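Dear colleague,

I am passing a structure on to you below, and after it you will find my notes on what turned up.

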Amino acid sequence: MSATVRATLHSISEVQAAIAAGESLFLAGSREALSQLPRGKWVGGSICYFMADEGGLMSEDRIFVTRVPEFALGAEAVDYGPENLAQLYLDAPANGFTFVVMPAATEVLKTFAERAPEFEGFLMRPVVGWVAGVRADLIGKDSPVVVNGQTGAIFEDRCVALHVSLPDNKMADLDIVNIFESHGGDVIRFEKAGFDVTGCMINGRPANLADFLSAREVRTEFPLVGDYNGSSINVSFQKVDEVAHKVEFYAPVFPGVNYRLAKPVVDYERAFAREIAASDQEPAFACNCILNYLYGGLEGKKTGHITGPITFGEIAHQLLNQTMVRLYLRDVG
Amino acid sequence: MLPAVDHPVWVRLVTGKKPVQSGKATFNMLIHSNQMSYERDQSPENVKDLITKSHSFLTKYESLFTNEIAKIFE
């Protein structure tokens, strides 16, 4: 089976054949493309942007395929809503990982983004995946979907997961590639978790974030960078409403985290190539952010040798923005 | 093999008195998560719970975080 499909873009007919052959797959493609697939051992979500072997591109008639490796002991597809999302980690195998895909701008994504760190099993059970979206010109007009290929169910308001069990000599290892780093200036902190904020503390003083960004003429295509014990975790700006004095983000900010504005990045392609150069192994899966694709002008350009869907949010344990996520399956023992 | 949960370094680790940073985001998320939890709840029960979780995590992923574990117990 391994010769049938490798982790890259494939035609719909190639994916139909792989499903018919019994492969377990994690898929990314347009709603129209996914709707043409038969039932089988797969889950997927809608997206039509990809980092392909030939560079960044948009396609609505090809599907990015990630195969569950042959050495996996099993793969089970399950869907979750906000009401049972905490079960995501408890259902995950003791040794293995979980692929997950969530539709953008939904309650289930909001619940995951704000509460995943509180769930039993967070970090212990690796969860990796992405946020489904639509073509950029259809944002707000069309809805992202996720699909449980085992049942044929298509969801606009639930997420789907593929829980993959690994043998004892393999271990899942999640990694992030962040081309942004803190500017090192003003420290911004928030009182509560949320996707939109008005008030905040800047350098220990109460402030309105929208006013602060406007006064500084901050370029909001670059994210806020949160300091997680030395790791930079991005939160991307969605909208700065100068009338309502409110800022909306694509992921929640959290209390207790020091945020700073990111240093501008000029050449995204080169920045990714530099960060990825030190990689020691091919990832089993990777994805990157639509904002990097759009702001960085990555159409037709490469991010090192890494391929994968270009998504509306990335998941490595928790929701991330403007980040490349990689899953490695390491040999142990 | 990791030192048992009653080793004094575990308390220092989960209460932030033994700062250890890594180049790996997963490890840093663990330490950050401990710090956030400890800020919210400094009770002995929560400290014990954080130690149990950290010990379990590093036992499971010992092979991925050998450098970090060495730093914790140096």
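A residue is called buried under 20% relative accessible area, exposed over 50% and partly exposed in between, with a 1.4 Å probe and protein chains only. By that rule Ser59(A), at a relative accessible area of 7%, is buried. This is a predicted model, in which local features need pLDDT of at least 70 and side-chain atom pairs count only at pLDDT 80 or more, while totals for chains, interfaces and linings use all residues. Residues are numbered from 1 along each chain as its sequence is written, chains are lettered from A in the order in which they are written, and side-chain values use heavy atoms, without hydrogens and water.

Ser59(A) sits in the loop between strand 5 (55–58) and strand 6 (62–67) of chain A, strands being DSSP runs of E of at least two residues, numbered from the N terminus. Its side chain makes a polar contact of 3.0 Å with that of Asp61(A) (a pair of N or O atoms within 3.5 Å, one able to donate a hydrogen and the other to accept it, where residues adjacent in sequence count only if both atoms are side-chain atoms), and a polar atom of the Ser59(A) side chain lies 3.2 Å from the backbone nitrogen of Arg62(A).

As for the two chains, 26 residues from chain A and 19 residues from chain B take part in the contact (heavy atoms within 4.5 Å). Between chain A and chain B, 8 residue pairs are in polar contact, both residues at pLDDT 80 or more. Strand 13 of chain A gives the most to the side that touches chain B, with 5 residues.

Best regards

Conventions:
Helices (H or I, at least four residues) and strands (E, at least two) are DSSP runs, numbered from the N terminus.
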